Amino acid sequence: MSETATPPAKKRPEFRNINAFTDLPTYRLPAAGWVSILHRVSGVMMFALMPFIIWMFDTSISSEISFTRFTNAFSVGMLGLPGFIWKLLALGLIWAYLHHFTAGLRHLWMDISHKAVELQFGKSSAKVVLTISLTLTALLGAKLFGLY
Amino acid sequence: MSVNYGSKRIVVGAHYGLRDWLSQRVTAAVMAIFTIVLLAQLLLSKGPIGYDKWSGIFASQAMKTLTFAVILCLLWHVWVGMRDVFMDYVKPVAVRLSLQVFTIVWLVACSGWAVQVLWRF
């Protein structure tokens, strides 16, 4: 063992077991990391809300009477909840679908092209995915809430 | 298909999980095509979309068949995805198995409902 003249480098934090409440909020993710975790979050969201999705398919398509029930849920409300809550839920699903769809296309592209798995493409395409999904969500959300 | 049971069963090594990976990609591609077909019909229609136009999109046998294929693809795709999530975050075997059983029941029930809706109207 030999002593070195330079002082030891500042100890970096070691993560042996990440605590979701203390470590995750301070953990800085790159754009590709956000796309990745949000791909999971959006997928699980759509899985959990699947009955609501099929309910929308059912009521919107079965008959004209049920179609009115479908639109009323978002204007008047349903199950004691006002219409805007249901609109927010639908907007959540719109975001989830758009994100999952665009991030999924990025995945498919990376599976096909060897050039697409380079670091620079990973960074830039992740930003493109976030921009497209968030812009379209904002546009459709504005439409849903009658801003234009 | 080669023998994959008994003493010949492959439980580790390369290519294990390739089928899941590939089926998730193929089902994703089918659903992406469906999304584009549906969006094209919605964007190319003129005027506000009421009940007649909306249900008209799903009226043809071709669209019903495509939608049916998409429901099956969704079932398979979500099963692979949710299993991945459980394998990553849920370590106790009993909890993981229960969640997987719940997922199968949830997905089969949901697809049954969706298929019923599709051919009822």
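**Entry 1. B:Val30**

I began with B:Val30, which is in contact (heavy atoms within 4.5 Å) with B:Val70 and B:Cys73, leaving aside its neighbours within four places in sequence. I note that the model is predicted, so that local features need pLDDT of at least 70 and side-chain atom pairs count only at pLDDT 80 or more, while totals for chains, interfaces and linings use all residues. Residues are numbered from 1 along each chain as its sequence is written, chains are lettered from A and ligands numbered from 1 in the order in which they are written, and side-chain values use heavy atoms, with hydrogens and water left out.

I placed B:Val30 in helix H1 of chain B; helices (H or I, at least four residues) and strands (E, at least two) are DSSP runs, numbered from the N terminus. Its relative accessible area is 25%, so B:Val30 counts as partly exposed. For this term I used buried under 20% relative accessible area, exposed over 50%, and partly exposed in between (1.4 Å probe, protein chains only). I also looked up B:Val30 against B:Trp119: they are 89 residues apart in sequence and 20 Å apart in space, C-alpha to C-alpha.

**Entry 2. Helix H3 of chain B**

I turned to H3(B), residues 61–89, which has 29 residues and reaches 42 Å from its first C-alpha to its last. This is close to the 42 Å expected at 1.5 Å a residue, the expected span being 1.5 Å times one less than the number of residues.

**Entry 3. Chain B against chain A**

I recorded 31 residues from chain B and 23 residues from chain A in the contact. B:Tyr51, B:Trp106 and B:Trp113 supply 26% of the area that chain B buries against chain A, more than any other three residues. The area buried between the chains is about 2400 Å², of which carbon and sulfur atoms give 73%; buried area is the accessible area (1.4 Å probe) that two parts lose on being put together, summed over both.

I found three salt bridges across the interface, each a side-chain nitrogen of Lys or Arg within 4 Å of a carboxyl oxygen of Asp or Glu. One salt bridge joins the side chains of A:Asp111 and B:Arg25 (2.8 Å, N to O). On the side of chain B that touches chain A, H1, H2, H3 and H4 of chain B each supply at least two residues. The largest share, 10 residues, comes from H4(B).

I looked up A:His99, in helix H4 of chain A, and found it buried, with a relative accessible area of 0%. Not counting residues up to four places away in sequence, A:His99 touches residues including A:Val35, A:Leu38, A:His39 and A:Ser133. The backbone oxygen of A:Val35 lies 3.2 Å from a polar atom of the A:His99 side chain.

A:His39 lies in helix H1 of chain A. With a relative accessible area of 17%, A:His39 is also buried. Under the same exclusion of sequence neighbours, A:His39 touches A:His99, A:His100, A:Ala103, A:Gly104 and A:His107.

**Entry 4. A:Leu79**

A:Leu79 counts as exposed because its relative accessibility is 73%.

Terms used
A polar contact is a pair of N or O atoms within 3.5 Å; within protein, one must be able to donate a hydrogen and the other to accept it, and residues adjacent in sequence count only if both atoms are side-chain atoms.
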